[in-house]
Amino acid sequence: MSTYDVAVIGSGPGGYVAAIRCAQLGMKTAIIEKYSTLGGTCLNVGCIPSKALLDSSHHYEHAVKHFADHGIEIPGDVKINLEKMIARKQTVVDQTCDGVSFLMKKNNIDVFEGVGAFKDATHINITKNDGKVNTIEAKHIIIATGSKPSTLPFIKLDKKRVITSTEALKLKEVPKHLVIIGGGVIGLELGQVYRRLGAEVSVVEFMDRIIPGMDKALSRELQKVMKKQGVKFYTSHKVTQVKAAAKGVTIVADDKKGNPVEFKGDYCLVSVGRRPYTDGLNADAAGIKLNDKGQVEVNDHLQTSAANIYAIGDVIKGAMLAHKAEEEGAFVAETIAGQKPHIDYNLIPGVVYTWPEVAAVGKTEEELKEAGVQYKSGQFPFRALGRSRASGDLDGFVKILADQVTDEVLGVHMIGARCADLIAEAVTAMEFRASAEDISRMSHAHPTFTEAIKEAALAATDNRALHV
């Protein structure tokens with residue numbers, strides 16, 4: 001029987017980062033993955049493939065709608081080759097997953113393919129596809145099994161007409177009408193992909209706004225912009241029925257007055273969130289407790305009820321984000337090594353990779369009001385920037401929330417071009433507990449999109465933005 005200092009179950013961003021950090025710290029490490037490729041949901045059927053399709057569809061949309069504005073003339077019609085677009089996406093996925101395999105070899109991490117299940121608190125049975133079982137022993141074990149798409153109890157996912165994000169990433173045709181149940185990150189990103197490619201897209205959302213976990217101002221702006229792009233929104237609608245047929249699907253939802261509304265499409269994307277994935281883990285055998293949401297219960301050190309076993313990422317409480325899982329993976333590795341790592345969950349950014357992109361870190365206005373915190377707000381529109389006019393990306397704004405008394409930045413919320421990258425400046429500032437005035441006095445290169453952050457900080461500091 002092979003024996004290890006640490007065994008990691010799951011090879012997504014949390015799992016493989018945990019394994020690498022353990023190996024860097026001198027621990028003999030193994031990683032267990034049920035699929036034939038490493039990288040988990042994020043690399044295989046999540047973050048990476050969806051961004052590849054978002055980029056490809058963005059290029060197509062620019063060619064059709066905006067190239068002429070730049071003096072670029074293309075003879076004939078611009079055509080979509082969906083098969084080639086999907087193939088490119090898969091190439092990006094394969095290269096990224098191969099990169100993780102390389103990192104495992106580079107760091108001398110043993111990789112086991114199969115389903116990992118606890119035999120007890122220090123032994124894991126690994127069942128391969130052919131049914132053969134291999135058992136390994138580990139002093140410490142990290143659960144990083146991630147999540148799977150959720151559904152509603154009355155919805156049958158046939159994966160042909162009623163699909164999840166996994167199937168949406170490999171459709172063989174552009175839908176005529178894609179009905180999306182759920183106005184969260186995944187549904188909006190994939191909805192924008194297929195809207196750009198010519199599909200009619202309808203988003204049916206139970207809450208009164210899209211991306212309900214983010215600042216209301218971001219929700220309003222994104223919905224406004226996506227409406228201009230042709231996406232239809234039906235907020236405050238409760239889906240009650242989904243029926244699939246050979247060539248289409250019918251969705252029934254009650255509007256906010258309780259009246260039934262019928263939607264007919266050729267595909268229905270169910271995008272109502274994700275659930276922790278612990279199927280087949282046999283957690284009871286190791287004395288591991290799950291809560292009523294199916295999440296693994298952990299303490300502040302991410303230890304489970306079995307002291308030598310830890311859990312990270314989507315399988316525990318908190319935002320289901322790849323970068324959160326990565327931070328937790330490194331945190332656990334360093335904890336096992338006897339170090340004193342730290343994670344500030346308030347400063348883990350959230351991003352929606354639509355265009356314009358949406359990004360945020362820290363507290364929303366709604367949270368500050370609920371907590372009774374006295375704050376001030378500064379906002380600056382991207383359309384006032386020279387760089388935005390040069391690129392044609394005029395939608396959106398940056399909003400900075402700062403403490404009314406101390407001026408410390410409490411939250412930064414932005415929607416616009418390259419916000420997924422711009423948010424890192426806000427995270428950095430907040431990690432060092434910067435004030436709005438600190439940011440306003442930093443030199444920002446001109447012309448850049450980052451100037452919107454400086455101007456928003458100026459707006460929060462005695463309302464003295466310079467360019468509005």
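**Close-up 1. I288 and its contacts.** Leaving aside neighbours within four places in sequence, I288 is in contact (heavy atoms within 4.5 Å) with F118, I143, A283, V296, T304, S305 and I309. This is a predicted model, in which local features need pLDDT of at least 70, side-chain atom pairs count only at pLDDT 80 or more, and totals for chains, interfaces and linings use all residues. Residues are numbered from 1 along each chain as its sequence is written, and side-chain values use heavy atoms, with hydrogens and water left out. You can find I288 in the loop between β16 (274-276) and β17 (309-311); strands (E, at least two residues) and helices (H or I, at least four) are DSSP runs, numbered from the N terminus. With 4% relative accessibility, I288 counts as buried (under 20% relative accessible area, 1.4 Å probe, protein chains only).

**Close-up 2. Helix α1 beside helix α8.** Here the axes (lines fitted to C-alpha atoms over the stretch in contact, with angles from 0 to 180 degrees between N-to-C directions) of α1 (residues 13-24) and α8 (residues 322-336) come within 7 Å and cross at roughly 30 degrees. That makes α1 roughly parallel to α8 (angles under 35 degrees). On the α1 side, look for P13, G14, Y16, V17, A18, R21 and C22, which meet A322, A325, E326, G329, A330, A333 and E334 in α8.

**Close-up 3. Helix α6, largely enclosed.** Nine of the twelve residues of α6 are buried, so the rest of the structure largely encloses this helix. Among the buried residues are G187, L188, Y194 and R196.

Notes. Angles under 35 degrees count as roughly parallel, over 145 as roughly antiparallel, 65 to 115 as roughly perpendicular and the rest as oblique. Buried means under 20% relative accessible area, exposed over 50%, partly exposed in between (1.4 Å probe, protein chains only).
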